[in-house]
Structures are given as structure tokens and as C-alpha cells.
Amino acid sequence: MMNWKQAALGTFGAIALLTTAACGGTTEPGSNAQGGKTGTDITVKDNTNTSVYQSFKLEKIDKLPNMRGIAWLSDDWIVSDKENKSLKPVTVEGEERYPHNLYMYDLTKGTDTPLKESEVSLGAPLVSPDGQYLFYREPEESTGKGYILNLHSGETTPAGKEDGFIQEGAWLDNEHVVFPNMKGDLISASVDGTTKVLVETGNFNVRSIKVSGNMLYYITGEDGQLNAYDVKTGDVKQVLKSVEWVIPSNDGTRLAIVKRTADTKRALVLTDLEGNEKATLARGTQIFGTSWSGDDSKIAYTINSENDNEKGLFVSNTESAEQFQISADMDNASDPLAWSPEGNKILLSQAVLENESYHFVTSVITISE
């Protein structure tokens, strides 16, 4: 049985070969939006009639080469990670490499503005819910130190002194970010740089850190134990096992869970907060990038599968559980998918092999209903 790191590295494959800056981010898009929906139980039945929910239409896909788009700052601006060619390259194994830095990209004008320039690579940006701060890391392979950038003043504050895994972390609120250290403790870092231990998990293998209201979700161990920590009371409860990723809805009433059903089989299911299954949205060899739209009406995700009809980028309606395939080519995502604030665009980044080397391509997918 593959462990979670082998599975992730195997699926993201080439990404690790790009540079040490090719680090997975965990910005779960739409988490800033205030969804007003309440959760409803779903009964999914086979429907042989033409669906009344066949409402998604792919309008267009815009490709942005040589950048890794990760998060939205507004409907027109995204945060991206790309090579900074204005700085000196470093020669690695006879090949010139530029540091990866963080930028704002204007989709309407096609222009870049540096958010943070550095001679060392920066990556894994997470935007605070109010859009005022950016948590990022200085990666060295799969780990790195964390920093908090004030997007207005441009000032950077170290998020404590401890290293953490590149792709793990989430904003607790507008002024605190949480991430696991190398021992598996969950650390809360304030925008002023002060840190404290929230949870001693006792397990260095901690992943899929997600926040929903007062609840902090995380997965531990080879058995995929999903845990929920109540920030207000300090209580921890075990929810489910065999979980690979957890993605809470924005309104805090439901969980989207990617669970392992066999060694090479995964299912994307919707559950209540106790882990009781309400609907199965998708099945595949691997399911990545899962993300709720801001109003929780849709979920986007990518599927790896042997079957062309069952792989690629999909959107599901969370009420009817109807699935819509957007593209069979987009079966690998380097980061969680990101919904635009208006909910009509999806940001997806992929590592693409070209001329025997890998580079990132960002796709901005526009859909309508």
C-alpha cells in the first residue's frame, strides 16, 4: 500500500523535478466566500432521463504558460509562482535556474507585478481570508520555513523558526495561520510572528490541514485518520479512517472527502460533519485538487483513471450529484483548484513536459450555467 507522500509524489510526478520551488500549495479556493446555503441530505438515484441539472457549459480555457497560478486576489487578479528572470540564475548540474518568486497577474491586461522578490525561491502561497496577508515558504525540497507577507506594506514577518512541510497549512482567521511542524504539532502563527502549539498530534505524518469556522480538520497516520479540533474548546474528535483529503464546505455544514476504497481506488464523497456519507460524486485511481465553489453549489476536482471518459477535470453539482467533464486532458493538478470570487472561473496549474524539461502551465477555465 502506498503511503500518502508516495501517492502524491507519484501523481504529481514531474513536479518535484522542476526545482525545489515546485512545492505543492494548499490554498483551498472559495474559502473566503460567505456561502449562505444550509446543508441538505442527498439521495442519489440512477436517472435514465435527460437531467434537468445539465446546466454547466464550458465557455473557454485560457492558457498562461510558464507560471503556476495558485490563488485569486479578485476576479481579475491571481497569485502566481514563476521564475524571476530579472535576478541572477544559479547553475545546478550544468543548468541555469532562476529563483521562483511570487507575483500578482492581471488577467485583463496580461501583466505581472512582483509580490515578493528574493534570490532564494519562494512558494506555496496562501492568501488570508480578507486578502490582507500572504503566507508562503522558502522551500528546500519538501520542507521550508514559513513567512507572512503584508500585502499592503510589503513587510515580511517570519512565522516562527520551525520548518514545516511545504504543501501544508491554512488560515485559522484573518490574523493566524496554522501548519504542522516536523514533529507533527499543529502550530498557530500570528501575523506579528508569535507562535503557539495548538495540538500535539503525536504523529509526524500530519496532512490536509483545513479550517471551517471553529473547526480545524487534519489527517494523521498511514490509516488516514480524519480528526477535528475545536479551536474554542480545545477538544479533538476522530471522525473517519481511510481518508486521503478533507475539504469542508464554505458554510461549514458538509465535508467533501477523498477516501481510499482499495489500493488503487479512490472515491469523492459528501458527508455530514460526523462523517456520515450523503452522496458519492466521483470514483477514480486518484482524485486531486478538490474545491468547493464559493456558494457551495459546485465542486471541482481532477481524476486519474485508466478510462478516458472518466479522467480529467470535472465539476459536480453538490445538490443533484450530477457530474460534468470539462477536459479529459487536465487529469493532473499541481495545487488545489481555485474558484474565482464570482464563481464562474476555475484556476488550474499543471506541470507539462516539453523538450525534455518540465514547466508550469496555468489554465483559467470559464464556465457558465
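Let me start with Arg-68, which forms a salt bridge with Asp-335; their closest N and O atoms are 2.8 Å apart. A salt bridge here is a side-chain nitrogen of Lys or Arg within 4 Å of a carboxyl oxygen of Asp or Glu. This is a predicted model, in which local features need pLDDT of at least 70 and side-chain atom pairs count only at pLDDT 80 or more, while totals for chains, interfaces and linings use all residues. Residues are numbered from 1 along each chain as its sequence is written, and side-chain values use heavy atoms, with hydrogens and water left out.

Back to the pair. Strands are DSSP runs of E with at least two residues, and helices are runs of H or I with at least four; both are numbered from the N terminus. Are Arg-68 and Asp-335 buried or exposed? Both are buried. Buried means under 20% relative accessible area, exposed means over 50%, and partly exposed is in between, using a 1.4 Å probe and protein chains only.

How many salt bridges does a search of the whole structure find? It finds 15. In general, side chains of opposite charge can pair when their charged atoms come close.

Another one involves the loop between β27 and β28. Asp-331 and Lys-311 meet through their side chains in a salt bridge, 3.7 Å from N to O. Asp-331 is in that loop, and Lys-311 is in the loop between β25 (298-304) and β26 (312-317), 20 residues apart. Both Asp-331 and Lys-311 are buried. There is also a network: Glu-244, Arg-260 and Arg-266 are joined by salt bridges that share partners.

Next, a sheet. Four strands form an open sheet in the order β20-β21-β22-β23, with antiparallel pairing. β20 (243-248) and β23 (277-284) stand at the edges with a single partner strand each, so one side of each has no neighbour in the sheet. From one strand to the next, the twist averages 25°. For the terms: two strands pair if DSSP finds at least two bridges between them, and axes are lines fitted to C-alpha atoms, for helices over the stretch in contact, with angles from 0 to 180 degrees between N-to-C directions.

Within this sheet, six bridges join strand β22 (residues 265-271) to β23. Ala-267 has Arg-283 in β23 as its bridge partner. Lys-259 lies in strand β21 (residues 255-262) and Glu-277 in strand β23, so the pair ties together parts that are 18 residues apart in sequence. Lys-259, at 22% relative accessibility, counts as partly exposed, and Glu-277 does too, at 41%.

Now look at strand β10, residues 143-150. Seven of its eight residues are buried, so β10 is largely enclosed by the rest of the structure. Eight bridges join strand β9 (residues 133-140) to β10, and the two run antiparallel. Tyr-133 stands opposite Asn-150 in β10. The hairpin of β9 and β10 has two residues between the strands, and Glu-141 takes a positive phi near 55°.

On to β11, residues 156-165. Six bridges join β10 to β11, again antiparallel. Leu-149 has Thr-156 as its bridge partner in β11. This hairpin has five residues between the strands, and Gly-154 in the turn has a positive phi of about 80°.

What about aromatic rings? The structure holds five aromatic pairs. Rings of Phe, Tyr and Trp (its six-membered ring) pair if their centres lie within 6.5 Å; planes under 30 degrees apart count as stacked, over 60 as edge-to-face, and the rest as tilted. One of the pairs is Tyr-136 with Tyr-147: the centres are 5.7 Å apart and the planes are at 20°, so the pair is stacked. Tyr-136 is in strand β9 and Tyr-147 in strand β10, 11 residues apart. Both tyrosines, Tyr-136 and Tyr-147, are buried.

Last, charges over rings. This counts if NZ of Lys or CZ of Arg is within 6 Å of the ring centre and within 35 degrees of the ring normal. The charged end of Lys-82 sits over the ring of Tyr-103, 5.0 Å from its centre. Arg-137 lies over the face of Phe-179, at 4.8 Å from the ring centre.
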